[in-house]
Amino acid sequence: MSEDLEFAFALILNGASIGLMYSLIALGFVLVYKATDAINFAQGEFVMLAGLIVAVVLGFEGAPLIAAIVIVVAVMIGFGFGLERVVLRPLLGRPVVAVIMATIGLAAMLRGLGPVIFGSETRAVSLPIGDEPIVLGPASLPPVQVLGAVVAILFFLAFSWFFKKSRMGVAMRAVADNQQVAQAMGINVERYFALAWAMAGVVSALGGVVWGSMLGVDVHLALVGLKVFPVVILGGLDSIGGALVGGLIIGIVESLAAGYLDPYVGGGTKDFAPYVLMILVLMIRPYGIFGKRKIERV
Amino acid sequence: MFHRESGFFKTTYAADAALYPLPIAKWTVAALALLFVVIIPLTVHEYYLSILNLIFIAIVGALGLNILVGYTGQISIGHAAFMSVGAYTAANLAVKLGLPFWITLPAGGLMAAAIGVIVGMPSLRIKGLYLAIATLAGQLIIEWTINRVPAISGGAQASIEVDRPSLFGFSFNTQGSLYFFLLFFAVLAIIATLNLARSRIGRAFVAVRDQDIAAEIIGINIYRYKLLAFAISSFYAGVCGVLYTYYFGIANYEQFQLIVSIDYLAMIIIGGLGSVLGSIFGAVFVTLLPIVIRIFMEDVGSLFFTTAEMANVISGLRLGVFGGLIIFFLIVEPEGLNRLWRNIRSYFRVWPFSY
């Protein structure tokens, strides 16, 4: 392989592994949107909260990683249930804008109070996977990225099984398709709404572990959430497969932009290219690659 | 506002939509004018004037956002970005060409309006959540561009220093004189919005918000009015940004980050969506709250936090309380402080003969 090709290959591989980590977070967003039609602007803050909890638990002397993960998953499930009960349920039947603004408020609240309660210093989440980069052909990836990608793929497999085969998953799809009919068939719709938020909590918990160990845990971890929007718009807001593909594309685009454009504009295209792509998608195909075409033309 | 209204009967729609709902309202306005133009500047300490100045600027921005979100029902998370467009336009014009404020101020507003129309374009095809995401992208892209392009941002710190505004050789360079400068524009914005809301355009905005399909059927060109709403709202935002620039004497993109957009959303939600008075309440509330939190924390918080942590704690608490209040008002009182004010007023309307 020539040097140019190797460079491109390394960028693509790196972008793909980051992209899979984006899809992991985007998955939480899609789960909530699919089941409850609510837009969660606080997805990044969920991840931040989970990361903070992991870091705090690991801060205790001799606390094993597995305990931290169990605790954070439990806390985030409780958080998801509680959130649905306290904030989202009173807003049922209100305009979609009200739910959006409520989650923006939630995001502000978590981002503000998180550092007040847990302290504002950057904490490290060290995973027992070493720092030795994993070499794949011309590319070398940090192990945490590989781990994140693997976790993301496992989650996607688990959720596709859940939605296709399990009773709860099928009920959840029914709720997503048509709430009234689902209710008529004896499905407790509100319980599945709560379940969707709890599942978003679980996904964010794992997202908090991998992203937290990559970036370190402080309030800036929440900024990862901003990358969720290009991913889900590209993939389709209500498509789980779309979150996977969207994440991969955004990750690769971001990495290529950083590799090829940064030398000309002095850096930072990474935080810019995904949004340009997103605006283009919104203009041309707002329902995304796999999304349902139920968008209302006005 | 502060008066009783027995004995007046409105017999025409024109009377119902009049700027002064009752003859006595002119006296109320006169009393308020006397209070703000004469009494406050003469009696109030400079520190409190500086708070009032910030409130005046916030009122302009909140009114602009309320025209878009409250009246027209189009959500925007990019309000602060439009402010930055206005701020940097005015700062560049003032520094590079040496233009006076009465040119840079409208220029900043118009530039913001032009950018606002571009960012608002997606609203023609998509709405609700998609629009929220599109304006979020607008905010991030504008923030990034200003921060990265030295021709706009004026170099490394991305900030441009500006002289204080001056008129006929008189320079507004103290809090007391800036008070009049900002009061003028706040009042101008309030009157303009009041008149806009009761004009053909304002009623079209409300129709688009309430039922866009019905609005189109009765002959409202919703494309035009949505873009107009974005343009007007961004114009206000741009002017607000210019006022910030002149007030602080510096244009700095850090004053116009995503969090500021959320501050302004908090203002109009807490104050009351679709209401001029609500925008004013919201601006007052959101400007005063951090000050109250700071004073409270300086007294009580020192028991729990060290002085070094205090700055972080205060800014975190501020954001947290805003977020909590947004959620609280959305759930409990979607019409905000304005509704509470109306409830109080309608209680006293027949007081003391409530039955």
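Guide: A helix here is a DSSP run of H or I of at least four residues, a strand is a run of E of at least two, and both are numbered from the N terminus. On that basis the order of elements along chain A reads α-α-α-α-β-β-α-α-α-α-α-α-α-α, which comes to 12 helices and 2 strands. The model is predicted.

The C-alpha trace of chain A extends over about 60 × 50 × 35 Å along its principal axes. Of its 298 residues, 51% count as buried. When contacts in chain A between residues at least 6 apart in sequence are considered, 76% of them link residues at least 24 apart.

Chain A touches chain B through 40 of its residues, which are in contact with 37 residues of chain B. On the chain A side, helix 4 (96-118), helix 9 (228-235) and helix 12 (273-284) each contribute at least two residues. Helix 4 of chain A gives the largest share, 17 residues. The chain A side as a whole divides into 32 nonpolar, 4 polar and 4 charged residues.

The helix pairs to examine are in chain B, which has 15 helices and 4 strands. Its radius of gyration, 21 Å, is close to the 20 Å that the globule rule gives for 355 residues, so chain B is as compact as a globular protein of that length. The C-alpha atoms of chain B occupy a box of roughly 65 × 50 × 50 Å along the principal axes, and 46% of its 355 residues count as buried.

Two packed helices are described by the angle between their axes and by the distance between those axes. Take helix 3 (residues 46-71) and helix 8 (residues 175-197) of chain B: their axes lie 9 Å apart, at an angle of about 20°. Angles under 35 degrees count as roughly parallel, and that makes helix 3 of chain B roughly parallel to helix 8 of chain B. Their crossing is left-handed. From helix 3 of chain B, the residues in this contact include Leu49(B), Phe56(B), Val60(B), Leu63(B) and Tyr71(B). Helix 8 of chain B meets them with residues including Leu178(B), Leu182(B), Phe185(B), Ala189(B) and Thr193(B). By class, the residues of this contact are 18 nonpolar, 5 polar and 1 charged.

A second pair in chain B is helix 4 (residues 79-97) with helix 6 (residues 129-148), whose axes come within 8 Å and cross at roughly 30°. Helix 4 and helix 6 of chain B are therefore also roughly parallel to each other. This crossing, too, is left-handed. Helix 4 of chain B brings Ala80(B), Ala81(B), Ser84(B), Val85(B) and Tyr88(B) to the contact, and helix 6 of chain B brings Gly138(B), Gln139(B), Ile142(B), Glu143(B) and Ile146(B). These residues divide into 6 nonpolar, 3 polar and 1 charged.

How values were computed:
Residues are numbered from 1 along each chain as its sequence is written. Chains are lettered from A and ligands numbered from 1 in the order in which they are written. This is a predicted model: local features need pLDDT of at least 70, side-chain atom pairs count only at pLDDT 80 or more; totals for chains, interfaces and linings use all residues. Axes are lines fitted to C-alpha atoms, for helices over the stretch in contact, and angles run from 0 to 180 degrees between N-to-C directions. Angles under 35 degrees count as roughly parallel, over 145 as roughly antiparallel, 65 to 115 as roughly perpendicular and the rest as oblique. A crossing is left-handed if the near helix is turned anticlockwise from the far one by less than a right angle, and right-handed if clockwise. Two residues are in contact if their C-beta atoms, placed from the backbone, lie within 7 Å. Ala, Val, Leu, Ile, Met, Phe, Trp, Tyr, Cys and Pro count as nonpolar, Asp, Glu, Lys and Arg as charged, and the others, Gly among them, as polar. A residue is buried if 20 or more other C-beta atoms lie within 10 Å of its own, exposed if 12 or fewer, and partly exposed in between; C-beta atoms are placed from the backbone. The radius of gyration is taken over C-alpha atoms; the globule rule is 2.2 Å times the number of residues to the power 0.38.
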